[in-house]
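Please keep the sequence and the model open while reading.

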Amino acid sequence: MHFVKMHGLGNDFILVNALEENLPGDLAGLARQACNRRFGIGADGLILVLTSEVADIRMRIFNPDGSEPEMCGNGIRCFARYAYEAGLVREPEIRVETLAGIIKPRLILKDGKVAGVRVDMGEPRLERELIPMAGEGSPVVDEPVPVDGITWRGTCVSMGNPHCVFFVANVAGAPVTEVGPAVENHPLFPRRTNVEFIEVMNRGELKMRVWERGAGETLACGTGACAAAVAGVLTGRSNREVTVHLAAGDLQIEWSQENNHVYMTGPAVEVFRGDFPLSGD
Ligand code: ZDP
């Protein structure tokens, strides 16, 4: 299987053109193998490029545990760059079919080169049933989430995929690897959840660490940065336009007042290309 390895702020993905490769039926198993950092290529996700009947092109993504999330923010920037540079799409603005609906990335071109990608991520879903989350009442703001005898306060947002955002005083010391998996698998979240730990530096800047559903702690999460920006507005902590600082760099997020869409801007970088033997080869 030929692949391209890319990343957005160190959130890394294996991209495969499923139109050209003869992939096995068990895509979850392929994702588990290929994403493994010791026995495979190593990545936070496997992304497949497919044709679409309703958009220009279709993206599927699999987590390292084999589960299939609805959307992936850093991944769709990589996907857009890959599709454009491979000539699979001709225009810099493309419509991508995902399980979260049609998402619209636009390549930022400088001297004919891709300098970044701005993505219309659509509207955040604030209804509890759509996150999905147990209990009653929407939006879910500062909801008690008990973990090991401590009550955390989560503000929950779906960007197609579920997010639970916790505001903390100091993100460097946040118990991401302990509280993250407990909340990911908490009975409040029937489809599990991604978990963001956010430090508010000021109304225009957030610092973030993330525990991803099906992947563990990663260096960045695009949908998570969008969810954090929305949660910042819902709780009165930040402006509709924020810079989200992650370990390896920044994402710019804007929650538009005009159309309620969230816009995310950030990098997408190719690292290497290669061939991965499919089992049986
Ligand atoms: O929702 C999930 O199960 C996530 N692990 C999907 C990946 C999200 C991602 N980190 C992002 O940038 O939005 C790729």
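Leu-15 has a relative accessibility of 0%, so this residue counts as buried. The model is a predicted one, and the values below are computed from it. Leu-15 belongs to strand β2. Leaving aside residues up to four places away in sequence, Leu-15 touches His-2, Phe-3, Val-4, Met-6, Ile-47, Cys-78, Phe-79 and Tyr-82. The C-alpha atom of Leu-15 is separated by 17 Å from that of Val-114, a residue 99 positions apart along the chain.

The strand β2 covers residues 11–17 and runs antiparallel to β1, with 5 bridges joining the two. β1 and β2 make a hairpin with 2 residues between them, and Leu-9 in the turn has a positive phi of about 55 degrees.

Which rings pair with one another? Searching the whole structure gives 4 aromatic pairs. Among them are Phe-3 and Phe-272, whose ring centres are 5.9 Å apart and whose planes meet at 85 degrees, so this pair is edge-to-face. Because Phe-3 lies in β1 and Phe-272 in β17, the pair ties together parts that are 269 residues apart in sequence. Phe-3 is buried, at 5% relative accessible area, whereas Phe-272 is partly exposed, at 35% relative accessibility.

Another aromatic pair, Trp-152 with Phe-197, is edge-to-face as well: 5.9 Å from centre to centre, with 90 degrees between the planes. Trp-152 sits in strand β9 (residues 150–158) and Phe-197 in strand β11 (residues 194–202), so this pair ties together parts that are 45 residues apart in sequence. Trp-152, at 15% relative accessibility, counts as buried because the cut-off is under 20%. Phe-197 is likewise buried, at 0% relative accessibility. Ring pairs also bring in Phe-166, giving a cluster of Trp-152, Phe-166 and Phe-197.

Arg-240 lies over the face of Trp-255, at 4.4 Å from the ring centre.

Definitions and conventions:
Residues numbered from 1 in each chain as written. Predicted model: local features only at pLDDT ≥ 70, side-chain atom pairs only at ≥ 80, totals over all residues. Heavy atoms only, no water. Pairing = 2+ DSSP bridges. Helix = DSSP H or I, 4+ residues; strand = E, 2+ residues; numbered from the N terminus. Buried < 20%, exposed > 50% of the residue type's maximum accessible area, 1.4 Å probe, protein only. Contact = heavy atoms within 4.5 Å. Phe/Tyr/Trp six-rings, centres within 6.5 Å; stacked < 30°, edge-to-face > 60°. Lys NZ or Arg CZ within 6 Å of the ring centre and 35° of its normal.
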